[in-house]
Amino acid sequence: MDKKAVEALTSFGLTEYEAKVYLTLVMKGVQKASALADMSDIPRPHVYSVIKLLHEKGLIIIIPEKVTKYQALPLDTVLKKLLEERMDSIKSLESIGKELISSVQQKGTAPEKDEIEKVQLYSGRWVIVDLIHKMLGRATASCEIITNDKSFVKTAGAYEQDLTAAHKKGVKTRFLFPIEKDTLPMIEGLSPRATVRHLDSMENFEEFEPDGADAGGNTFLRVVVVDDTEVLFVRAQPGGGEESAIWTSQRELARMIRLMFRNMWRNAPDMAKKRIEIETGRKPEHLTPIYGDADMEKTLRMVLAHAEKELCCVLSGEQLVYNLNTLVTESRTLTGKGVKVMMLVSIRGNVNRSKVLASDRSEVASAVRALQSAGADVRHPLDESILLMVLNDDEVTFNLLGESVVSSAGGNIGVYTNHRDTIERIREYFERLWKNSVDASDRLRELDRVVSKEVMRDGEEGLKRYFERLSGLGKGHFAIESSDPERKTIEIICTDAADVREQMRREADSDICESVRGAFRKFGEFIYEGTKMACEETHCVSRGDPHCVFRLHPLEKPETPVGNDLLKFFESIKSGRSKEPSNASE
């Protein structure tokens, strides 16, 4: 990769990774993601996010084939686009600067006391309870409370008057609480004045934890955000000690927390669904669309972790390689608990270029071995599946129509559901695929044989053309006597009569048999890339044979040559030992 070209593109506003991927597509043409990662020297987990950003910026296009590929827009078009964007950004900054100067000159004084953003610390449970009363009283449009503290939920009736007053003012009040059997009665009492949904965890707020908070055991109990003006973080000390809190009127932080709340709210089950779950012991049935690689990976981890008896997967080879670490870790954990892990991996063999096929097959083969060592049963489906999925006892996530479905931003589009009838239908579908499948190791061995034959066929055609070249150089006329694709072995015969061959040898400036032997060896290493080859002359007219015959085969481990003196020494020992019995008999 040309470093100067990468630096030039970064000056137009691209990151180093974006510049590398874009330049690779410009120079190498249409590529799939795995090839891009190798060519641009970018870690594979990062290349998908880089591709997504380049697509969002309009610098590359997505080709939705069975395996998604990507193509760069022309370099001159991209440079013009990036330059225009930088010019627009400069003009926008100029406009903002003029407005800022005008605004400061008009005010000319420091902001009022109430407009200054503050941060204050509070300590003590009842001090914090009083502060929440005051915040509810100041609310004019919205109030959101998130808590994983059951004791707060059970005593939330203490805020009943504040909630009633806020409701009368038209304040929209929403709570994310842990809705469980013991908290449900109190939460139902709040429902006329506030909308409540179920909270699973506070993991979204881990990024606000100070360094070392986890080690000390401190965790957030509550987060309260009022309008877009103030936010309160309440924490507990280890072992149930005194509560402490941080209150701030930083509007930007309040807006960010509200956005985070909306995202959590959108995916949280409402009180009616949680009531059904509590009463029946089964989660409410629902279907959720999934957009983007990050959400797809998060859902995949969840479905894997929830498996209790059986886990069934249908994956492409590329998905297997990309998610390998997650799949191996979860498979090892699940099989250790006695869960049966069954994976159907489509190991493709319909690639024209055997070199490309061999490269992909090597990655998939390594991944299959890793999964098998983790306890998973891995097989190849003989029926092609358009449904790529991960299914546990009660849930499934799948990418309908496989890898060809992508969003406008280039990410995956998938579905998650725990709908019972859907689960049963998909399980039946998986069982049909599993029934008509073969062991993944057998499939890989079969492909090895196919690829070897393909390489041999291409090699034989090339070798015949090579024979013509050797004939033109006066090296003789040759033909393939026999070949063995699995052993990568070819026997070549010189078809010239013995007297003609001898005449060629006498007229040549060098040993033509030795020259031909070296030529065949180099040609063998060309067609069997990565394999060291040897070529032996098994028959030669100079030794009285009717024809010269050459055997091309993989190089075996060379034996250490033994010197003449050492051979004589061994022979003398052997000769001496052969005489010992006769001496003993005498």
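Here is a quick briefing on the fold, salt bridges, surface patches and a few backbone details of this protein.

We're looking at a predicted model. The protein runs to 586 residues, and 41% of them count as buried. It has 21 helices and 22 strands. If you take the contacts with a separation of 6 or more, 66% are between residues 24 or more positions apart. The accessible surface comes to about 33,300 Å², with 51% of that belonging to carbon and sulfur atoms.

**Salt bridges**

- A search through the whole structure turns up 16 salt bridges.
- Glu144 pairs with Arg258, and their closest N and O atoms sit 3.3 Å apart. This pair links distant parts of the chain, with Glu144 in strand S5 (residues 142-147) and Arg258 in helix H11 (residues 251-267), 114 residues apart. Both Glu144 and Arg258 are buried.
- Glu144 and Arg258 also belong to a network of salt bridges that takes in Arg174 and Asp228.
- Glu310 forms a salt bridge with Arg427, with 3.2 Å between the closest N and O atoms. Here too the pair links distant parts of the chain: Glu310 lies in strand S12 (residues 310-316), Arg427 lies in helix H17, and 117 residues separate them.
- Arg445 and Asp442 meet through their side chains in a salt bridge, at 2.3 Å from N to O. They're three residues apart in helix H18 (residues 440-472), so about one helical turn separates them. Arg445 is partly exposed, with a relative accessible area of 45%, and Asp442 is partly exposed as well, at 38%.

**Surface patches**

- Asp421, Glu424, Glu428 and Glu431 gather on the surface as a patch of negative charge. Glu431 is found in helix H17 (residues 420-435). With a relative accessible area of 47%, Glu431 is partly exposed.
- Met27 has its place in helix H2 (residues 16-28). Met27 counts as exposed, because its relative accessibility is 55% and the cut-off for exposed is over 50%.

**Positive phi**

- Most residues other than glycine have a negative phi. Two residues to check against that follow.
- Asp227 has a positive phi, near 50 degrees. Asp227 is in the loop between strand S8 (219-226) and strand S9 (230-236). Asp227 is buried, at a relative accessible area of 10%.
- Lys488 isn't a glycine either, yet its phi is positive at about 55 degrees. Look for Lys488 in the loop between strand S19 (478-484) and strand S20 (489-494). Lys488 is partly exposed, with a relative accessible area of 26%.

**Around Glu525**

- Glu525 has its place in helix H20 (residues 512-527) and is partly exposed at 23% relative accessibility.
- Leaving out residues up to four places away in sequence, Glu525 touches Thr531, Lys532 and Met533.
- Glu525 and His553 are 28 residues apart in sequence, and their C-alpha atoms are 9.7 Å apart in space.

Note on methods: Residues are numbered from 1 along each chain as its sequence is written. This is a predicted model: local features need pLDDT of at least 70, side-chain atom pairs count only at pLDDT 80 or more; totals for chains, interfaces and linings use all residues. Side-chain values use heavy atoms; hydrogens and water are left out. Patches are made of residues with over 30% relative accessible area and no salt bridge: like charges are joined within 9 Å, nonpolar side chains (Val, Leu, Ile, Met, Phe, Trp, Tyr) within 5 Å. Accessible areas come from the Shrake-Rupley method with a 1.4 Å probe; for residues, only the protein chains shown count as cover. A salt bridge is a side-chain nitrogen of Lys or Arg within 4 Å of a carboxyl oxygen of Asp or Glu. Lys and Arg count as positive and Asp and Glu as negative; His and the chain ends are not counted. The place of a charge is taken as NZ of Lys, CZ of Arg, CG of Asp or CD of Glu. Helices (H or I, at least four residues) and strands (E, at least two) are DSSP runs, numbered from the N terminus. Buried means under 20% relative accessible area, exposed over 50%, partly exposed in between (1.4 Å probe, protein chains only). Contact means heavy atoms within 4.5 Å.
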